[in-house]
Amino acid sequence: MRTVFIGDVVGSAGRGALAAVLPSIRRDYNADLAIVNGENSADGNGIDPRSAQAIYDAGADVITTGNHAFRKNSIVEEFERRDTLLRPANFGGYLPGKGVCRLDFGSFSVSVVNLIGTAFMQPADNPFGCVEELLKEIASEIVIVDFHAEATSEKRAMGFFLAGKVSAVFGTHTHVQTADEEIIDGTGYITDAGMTGAHNSVLGVEKDIIIEKFLTYYPKKYVSASGECDVCGVFAEFDNKSGKCVKLERFRRTYGGC
């Protein structure tokens, strides 16, 4: 099983870059599966039906999210309707949608799990206990976890906690790709897969807005930046029987303007 995992898509620039570049990424890696974090894909932040559909149209099979999953009210019905649009499983049972989806490939299956961290984040159920319970019910040979978390220590701890138990733990949320990809006891790991959005920005947002916010402390409305974009992520290959990660490679592609 060959999989590409794409880091947080930010705004219209990120959506445009994804549409332009993901098809070639899938071809280059001969990928059977594409997973994309889309929680910032709507203009401003969050995800809405339009941005979700744009990600699917670009070639994604599964969309994961995070702390901005329910920022847009219009997305609620999509979470209820689509099995492959995930919100963090440890948000609890009161919110619509699912935190796990299963894809059948005939002789094996893949389950994708979406979790959110609790360090420096909004309140949520314990992600370690949540995934431990989920794994008792998941029967797929390959299990891929998107851990959407702020603290690198919490992500690293999750990587070691799930080492040998799942096929991959891919970190998202901080929008900066880390250079620590490795395979731990058969589990592919990276602290953060990176961002899909405008390079000349602060995490995909117009840089002057963020600079002014740091200077004045006044609240500011975020506006997604435009221009040359980065498309960041990781490629992973898994053994179909054991579920172990046998190859892991991060990538960063450039798209010349949205």
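Predicted model: local features only at pLDDT ≥ 70, side-chain atom pairs only at ≥ 80, totals over all residues.
Figure 1. Within α4, the residues Pro127, Cys130 and Val131 are buried. These residues lie on the same side of α4, because the arc that they cover around the axis is only 90°. The cover over the buried residues of α4 includes β6, β7 and α5.

Figure 2. Helix α5 spans residues 152–162, and its buried residues are Glu154, Lys155, Met158, Gly159 and Leu162. Their arc around the axis is only 145°, so they fall on the same side of α5. Thr152 and Ser153 are exposed and sit on the face of α5 turned away from its buried side. Packed against the buried residues of α5 are the strands β6 (109–116), β7 (142–148), β8 (168–172) and β10 (187–190), together with helix α4 (127–137). After α5 comes Gly164, which has a positive phi, near 85°.

**Figure 3. Surroundings of His173.** His173 belongs to the loop between β8 and β9 (182–184). With a relative accessible area of 13%, His173 falls under the 20% limit and is therefore buried. The side chain of His173 forms a polar contact of 2.7 Å with the side chain of Glu150. A polar contact of 3.1 Å joins the side chain of His173 to that of His148. When neighbours within four places in sequence are left aside, the residues in contact with His173 are Asp8, Glu39, Asn67, Met121, His148, Ala149, Glu150 and Asp192.

**Figure 4. Surroundings of Asp230.** Asp230 is part of strand β12, which covers residues 229–238. The relative accessible area of Asp230 is 7%, under the 20% limit, so this residue counts as buried. Two side-chain partners are shown for Asp230. The side chains of Asp230 and His199 are joined by a polar contact of 2.8 Å, and the side chain of Arg252 makes a polar contact of 3.4 Å with that of Asp230. Apart from neighbours within four places in sequence, Asp230 is in contact with Met195, Thr196, Gly197, His199, Arg252, Arg253 and Thr254.

**Figure 5. The second largest pocket.** The volume of the second largest pocket is about 180 Å³. Asp230 is among its lining residues, as are His199 and Arg252. The remainder of the lining consists of His175, Val176, Gln177, Met195, Ala198, Ser201, Leu203, Gly204 and Cys232. At least two lining residues come from each of β11 (195–198) and β12. Sorted by class, the lining of this pocket comprises 5 nonpolar, 5 polar and 2 charged residues.

**Figure 6. The largest pocket.** The largest pocket holds about 460 Å³ of space. Its lining is made up of 20 residues, and those nearest the centre of the pocket are Asn40, His68, His175, Leu203 and Tyr222. Two of these, His175 and Leu203, also line the second largest pocket. By class, 9 nonpolar, 9 polar and 2 charged residues form the lining of the largest pocket.

How values were computed:
Residues numbered from 1 in each chain as written. Heavy atoms only, no water. Buried < 20%, exposed > 50% of the residue type's maximum accessible area, 1.4 Å probe, protein only. Helix = DSSP H or I, 4+ residues; strand = E, 2+ residues; numbered from the N terminus. Arc of directions from axis to C-beta. Contact = heavy atoms within 4.5 Å. Polar contact = N/O pair within 3.5 Å; in protein donor to acceptor, adjacent residues only side chain to side chain. 1 Å grid on protein atoms, 1.4 Å probe; cavity = no way out; pocket = protein on both sides within 12 Å on 5 of 7 lines; lining within 4 Å. Points joined across faces, edges and corners; volume = space filled by probe spheres on them. Nonpolar A, V, L, I, M, F, W, Y, C, P; charged D, E, K, R; others polar.
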